[in-house]
Amino acid sequence: MKKNTVVAIDGPVGSGKSTISRKAAEKLGFIYVDTGALYRALGVFFEEKRIDFNTNVKVDIRFIDKEQRVFVDDTDYTDKIRTPKASMLASAVSAKPEVREFLLELQRSFAKNNSVIMDGRDIGTVVLPDADIKIFLTADAKERAKRRYDELILKGTSVEFDDVLKDLEKRDYDDSHREHAPLKKADDAIVADTTGNTFNESVALVLKIIEDRL
């Protein structure tokens, strides 16, 4: 293995990118960077403050007890960002070219001196186009919606499955049709379809793709 290995994992909402990438990074001893959390945190921050994006905002990723936490203007927003509303707010702010440009160097900085697994919507195509390994993680829309629904119910959020599916399909459309850095598979990415897989099977699939190329 070379000194640093950079893995880019892209895919649609609900494909399990965050949980699968986190576990794979843990098993490999890599740093895991959840870029979607940055957009969620900014979306919630702007909504709370009732302001539009401006470059005076300070965004940090900090690792506390090996867990990624996202701070906006020195306030930890991590516990506020795993909701359907935060997901839609993230989609809105991520469509703004100035927001993506603002966060670009922050994301790239983690890949300069560390072995990382970074997940998002445009990691392999825009953020880390020279990543050593690129994976496009996906699954059937209804299965992705069921996973997201189960996750929200487990957290005590009152939601209907049909609403979760509708939000997911809208997010898929918005993410893949936005003008700036749309969600798409990088030409050299390997597709990992986890439809029908257990969590452990999905982690094993991603680990095999990575380990086969190290």
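Biologist: Leaving aside neighbours within four places in sequence, which residues is S115 in contact with?

Modeller: Contact means heavy atoms within 4.5 Å, and by that criterion S115 touches K3, N4, T5, F30 and I31. This is a predicted model, in which local features need pLDDT of at least 70 and side-chain atom pairs count only at pLDDT 80 or more, while totals for chains, interfaces and linings use all residues. Residues are numbered from 1 along each chain as its sequence is written, and side-chain values use heavy atoms, with hydrogens and water left out.

Biologist: Is S115 buried or exposed?

Modeller: S115, found in the loop between α4 (97-112) and β6 (116-120), has a relative accessible area of 14% and is therefore buried (under 20%, with exposed over 50% and partly exposed in between, using a 1.4 Å probe and protein chains only). A polar atom of the S115 side chain lies 2.9 Å from the backbone nitrogen of T5.

Biologist: How do α6 and α7 pack?

Modeller: Two packed helices are described by the angle between their axes and the distance between the axes. Helix α6 (residues 141-154) packs against helix α7 (residues 161-177) at about 120 degrees, with the axes 9 Å apart. That angle makes α6 oblique to α7 (angles under 35 degrees count as roughly parallel, over 145 as roughly antiparallel, 65 to 115 as roughly perpendicular and the rest as oblique). Residues making the contact include Y149 and L152 of α6 and F161 and L165 of α7.

Note on methods: Axes are lines fitted to C-alpha atoms, for helices over the stretch in contact, and angles run from 0 to 180 degrees between N-to-C directions. Helices (H or I, at least four residues) and strands (E, at least two) are DSSP runs, numbered from the N terminus. A polar contact is a pair of N or O atoms within 3.5 Å; within protein, one must be able to donate a hydrogen and the other to accept it, and residues adjacent in sequence count only if both atoms are side-chain atoms.
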